[in-house]
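Start with a pair, then move on to a single helix and a single residue.

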Amino acid sequence: MPETVKPETAAGGRTWLLSGPASSYALHLTEADELVHLHWGPRIALADAEALAAVPFEGRASFEAALDGREEYPVEGGPRFVRPALSVRTAAGRRGTEWTFESYEIQDPQDAGDAGGAGLRLRFRDGALVITLHYRMRGDVVERRTTLRNEGEEPLELLRADSATWTLPERDDWRLSHLHGRWAAESRLVRAPLTYGEKVIGSRRGHTGHQYLPWVALDTDATEERGEVYGCALGWSGSWRIAVAQLPDPRVQITGGAGHDDSGLLRLAAGESFTTPLFAGLWSDAGFGGASRAWHAYQRAHVIPDAERDRPVLFNSWEATFFDISEEQQATLARRAAAIGVELFVVDDGWFGTRTGDHAGLGDWWPNPDRFPNGLKPLADYVHALDMQFGIWVEPEMVNPDSDLYRAHPDWVQFQPGRKRTEFRNQLMLNLAREDVQEYLWERLDGLLSSAPIDYVKWDFNRCFTDAGWPDDPYPQRLWVDHVRALYALLDRLRAAHPGVAFESCSGGGGRIDLGILARTDQVWTSDNTDPLDRLDIQHGFSQIHPARVMAAWVTDSPNTQLNGRISSLRFRFVSAMAGVLGVGGDLSEWTEEELAEARRWVGLYKEIRPLVQRGDQYRLRPPAGGLSAVQYVRGDETVVLAWLQAQRYGEPVPALRLRGLDPTATYECRETGEVHRGAVLLHHGLRTGLRGDLDATVIRLRRI
């Protein structure tokens, strides 16, 4: 397959084409400086794009806008009635954009600064406002951003500044896929016909949110492994919005970016600029599974830090101890964790300040002197001596009113003057947009990571924005954007100063998962729901866009007292969690010797298959629909299948599985049964002997011989 190539432009620089291994993206500038979309789909040549640009556009009745559904980046004003991607207000109160084209720039992949980035920039001007549209092709993923710069003397207000608008080809019967949910029930997949009008998903909560992940996919007749799929994913960890519009004709446009409403995003002073978050798009003709594998490969190659390194098996102390912790108790858990093969030991909430419950201590990031009289270093050294890494939990963006920080700086939180300060979980939100708050957190966290050999930080975020006010600021609504920009800058600064420290993004479970946070963290906490049966649905949805390499999954105690009381075997719990980054969160001090021995075997098996799970190509063989479900991972000459039997009724046999992604001319040996398979592998015996009854699970490994 051809690789991503340098963007091409036709004679005169009015038509541009970006091409990846299998797809192309083309756009054209008309003589009237209208930037119109030409093509997004199978790979074409520049001559094909020029031919598309030469096709005259048929006009419409006066009640219809000629530009609607054609523009690459629709702005507010003029003969347009689709949702504008850009809405600007001048100091004099004037709205609308009348831009003219100024220049274009093509960036060669070798000069892009990172592998595979072939870039195109288109520059427009409307008076003092300079608008630059950025395009970059990475494989078959098109990355888009927009930069807005004020080159005048008066401020400009960005009411709305979306990252991009995507235009799909004219088709009938589009179907929309997206992920929805709530706390403890995130990332559940739904597919439904797209009807006329707009479908809007997003978050007005200040973070990505549990309710939706910023990803959509559209198709007409795709299956898991066949058919065209168009997908878009936004990289922004604050409030956001994606609008999918079925226009009055067969055209569809997808517009998305930071912020949920159009009430004001930022104010650009003279000389200031704003670059929108990444909005990435992907076309695939290999069905939903092929699109997912392309998204996974893109993130491992271009988004996730150190993605070539496998994530370690971790133990987290939260469900074993909650807030009642001590150095001696943690050391006892560490010994048990090391004995079953754990590689990373994490002390969760309760190690700092006066944190004996959720009512106090947030913001005071120093070890509790009663629990850790000599700081964290003695415990960290002890954990390292057990041949494990050491990690801690933090929630830097929050503060308890009962804390030294809040007593010293009550004005550092978000609040509306004259209104109550809403508390969730007895905590308030720090205004991270303030430079003094940013500097305080930098000093505390940098000092903490310098005070002990800490290898890992679980960064939590346990409440939404409510009283998003900033009384002393002339444009207080900017905190919605500047909080996220400050978070990114703080994480970037900490990673640069402490390159050996890994970070996990957590937000009451899966409340902050997107391409923006994944560019700065090593894994994410998928959900607070650790029930192994519920997790099959959550993990199935998560895999539509994100790879197993970042999907943290824990084995916790049974019955699941934290959520539903369900009883499940250690076998089922482990195989469920082995589909991602394996962790253990149960109370090991209560596990029997038999359970510890079984856990040690499962951890050992996971380490053998970990390179396949975390870095292999994933195939969803059967969705978790009540009977048999299974996921397959392929890497090189090896493949592994994780299968779960939710229930078995009426004596019905376990159905066979046809594996995918293997060489049809090769021979494969099943390590569990000794069976030898040739060509397209169909698993029978290994499943039917390994799965019986309700809530059972198995692991099957094959190797090319």
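Contact here means heavy atoms within 4.5 Å. Helices (H or I, at least four residues) and strands (E, at least two) are DSSP runs, numbered from the N terminus. This is a predicted model: local features need pLDDT of at least 70, side-chain atom pairs count only at pLDDT 80 or more, and totals for chains, interfaces and linings use all residues. Residues are numbered from 1 along each chain as its sequence is written, and side-chain values use heavy atoms, with hydrogens and water left out.

Begin with H11 and H12. Leu 570, Arg 571, Phe 574 and Val 575 of H11 meet Glu 595, Glu 598, Ala 599, Trp 602 and Val 603 of H12.

Now turn to helix H4, residues 327-339. Which residues of H4 are buried? They are Gln 330, Ala 331, Leu 333, Ala 334 and Ala 337. Buried means under 20% relative accessible area, exposed over 50%, partly exposed in between (1.4 Å probe, protein chains only). These buried residues pack against strand S22 (314-316), helix H3 (318-321), strand S23 (344-347) and helix H5 (377-385). Just after H4, Gly 341 takes a positive phi of about 100 degrees.

Arg 300 counts as buried because its relative accessibility is 17%. Beyond its neighbours within four places in sequence, Arg 300 is in contact with Ala 307, Pro 547, Gln 614, Arg 615, Gly 616 and Asp 617.

Key. The expected span of a helix is 1.5 Å times one less than its number of residues.
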